[in-house]
Amino acid sequence: STEDLLRLVEDTSLDVGEMTVVREGYIFDVCVKDEISTMVDVKADPPKGKTCFDIDSYVVTTDPKECRVDVSITCADDEGTECIEIPTPSFQCKEGEVPDTLTFSYVGGGCEQSLNSQEDECEDVQNVLSITSRVVCGKEDGTVLFSGMVTIGDKLTVPGKDSDSVLGDILVCEIFETGDNGLVQKLRFDTTELSLKDKYGSLRLESCDENSCLVPITYTYDIRNIGTDGMDVTTLMRTRGALSADLIGLVDDTSLEVGESTFAEEMGEVDVCSGEDIKTTVKVKADPPSGIPCLDEEDYDLSFLIPPTKSPTEPLTEPPTDPPTKSPTEPPTEPPTASPTASPTDPLTGSPTEPPTDPPSKTPTGSPTDPPTDPPTASPTD
């Protein structure tokens, strides 16, 4: 564009040897590659003679070395299955069979949190368990299958790697305080009636043989230099839930030229039976040799569909097919529909049995036929 800047000239009248100044402000983006050319054309009129002219130009070239970094996340199990496609296991262990191995999480707490489908035995001997305890599991005959120290969140496998024995149909576990080695809790349950996530006091079942809620996985964080300058990756911050960690120590190569890439791998395990949404966020920062650092971040969301578990009792599969086998043997009696037609046939039991006799219907016709047989016993009186 062309603009007349005469209004900005400080002094337009100049004697021989004098000068004046024009100042014009301008902003340009040094982070964008560009070439900015400015040309100025000046004209002056003397008191006498011809008008004079001059022209000059100034070129500004910006060729920044842009820092741009990109990070992406992939997740897979040991067999290469993408984490979001890992299937959930059957929660029911082999019913009626003794498993080869069982894996529990030590969750701490008392017997009141037991939740399972069998009538287990749990006894709190002392106070609530501490964060760290000693767990001993074995058979009813006293054969020890596992013994070790655990902290809340730790996993323990029965039989342990140092045991030569196999599981029996009853498992007895005792939890001891680490300080005085006092018995704190005692558990006893049937190994032939187990389901994943069953809770027995301070222990929660995570796997039985091939049925497992805990799956080893690997997160891979790929970092690429997509800018126009070299860079050094200085931060790789991973956040999952409430926990964050800088994984810069896992980055394979932190110095990247234009177009190069590097990666970091983080191994762990995921609980595919939890039903929780797991969000992983990673933020990367890179510094160019000079200029402004560049940043990028990426999220990875992971969740699993949990199948419904079997209820403790089986509901009726079909409604009853047969009606009642017998109707009532006697129907209800009905009230009389008409008034009685005759009086009762039996007289009252308390009335006289013979009616009164009738009086004589006429006077006697003659005197008595027989005289008295005995004389009078006394004389007649006056």
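Modeller: A disulfide is taken here as a pair of cysteine sulfur atoms within 2.5 Å. This is a predicted model, in which local features need pLDDT of at least 70 and side-chain atom pairs count only at pLDDT 80 or more, while totals for chains, interfaces and linings use all residues. Residues are numbered from 1 along each chain as its sequence is written, and side-chain values use heavy atoms, with hydrogens and water left out.

Biologist: How many disulfides does a search of the whole structure find?

Modeller: A disulfide is a covalent bond between the sulfur atoms of two cysteines. With bonded cysteines counted along the chain, the pattern is 1-12, 2-3, 4-9, 5-6, 7-8, 10-11. The search of the whole structure gives a total of six.

Biologist: Which hand does the link of C75 and C83 have?

Modeller: The sulfur atoms of C75 and C83 are 1.9 Å apart. Both cysteines are buried, that is, under 20% relative accessible area, where exposed is over 50% and partly exposed lies in between (1.4 Å probe, protein chains only). The torsion about the S-S bond is -65°, and the link is left-handed.

Biologist: How many residues apart in sequence are the parts that C137 and C173 tie together?

Modeller: C137 and C173 are joined by a disulfide with 2.1 Å between the sulfur atoms, and the link is right-handed at 115°. Strands are DSSP runs of E with at least two residues, numbered from the N terminus. C137 sits in strand 6 (residues 132-138) and C173 in strand 9 (residues 170-177), so the separation in sequence is 36 residues.

Biologist: Is C273 buried or exposed?

Modeller: C273 is bonded to C213, S to S 2.1 Å, and the torsion of about -90° makes this disulfide left-handed. C213 is in the loop between strand 13 (211-212) and strand 14 (214-225), and C273 in the loop between strand 18 (261-271) and strand 19 (278-287), so the bond ties parts 60 residues apart in sequence. C213 has 0% relative accessibility. C273 has 7%, so the answer is buried.

Biologist: Which residue forms a salt bridge with E121?

Modeller: Side chains of opposite charge can pair when their charged atoms come close. A salt bridge needs a side-chain nitrogen of Lys or Arg within 4 Å of a carboxyl oxygen of Asp or Glu, and the count comes to 14. For E121, the N to O distance is 3.5 Å and the partner is R188.

Biologist: Which residues are linked in a network of salt bridges with E206?

Modeller: E206 counts as buried because its relative accessibility is 1%. K197 has its closest N atom 2.7 Å from an O atom of E206, and R204 meets E206 at 2.8 Å. The network with E206 holds K197, R204 and D271.

Biologist: What accessible area do Y26, F28 and V30 have together?

Modeller: Patches are made of residues with over 30% relative accessible area and no salt bridge; like charges are joined within 9 Å and nonpolar side chains (Val, Leu, Ile, Met, Phe, Trp, Tyr) within 5 Å. Areas come from the Shrake-Rupley method with a 1.4 Å probe, and for residues only the protein chains shown count as cover. Y26 lies in the segment before strand 1 (34-44) and is exposed at 62%. Together Y26, F28 and V30 form a nonpolar surface patch of about 330 Å².

Biologist: Where is D252 found?

Modeller: D252 belongs to a surface patch of negative charge with D232, D253, E257 and E260. Lys and Arg count as positive and Asp and Glu as negative, with His and the chain ends not counted; the place of a charge is NZ of Lys, CZ of Arg, CG of Asp or CD of Glu. D252 is exposed, at 56% relative accessibility. D252 is in the loop between strand 16 (243-246) and strand 17 (255-256).

How values were computed: Helices (H or I, at least four residues) and strands (E, at least two) are DSSP runs, numbered from the N terminus.
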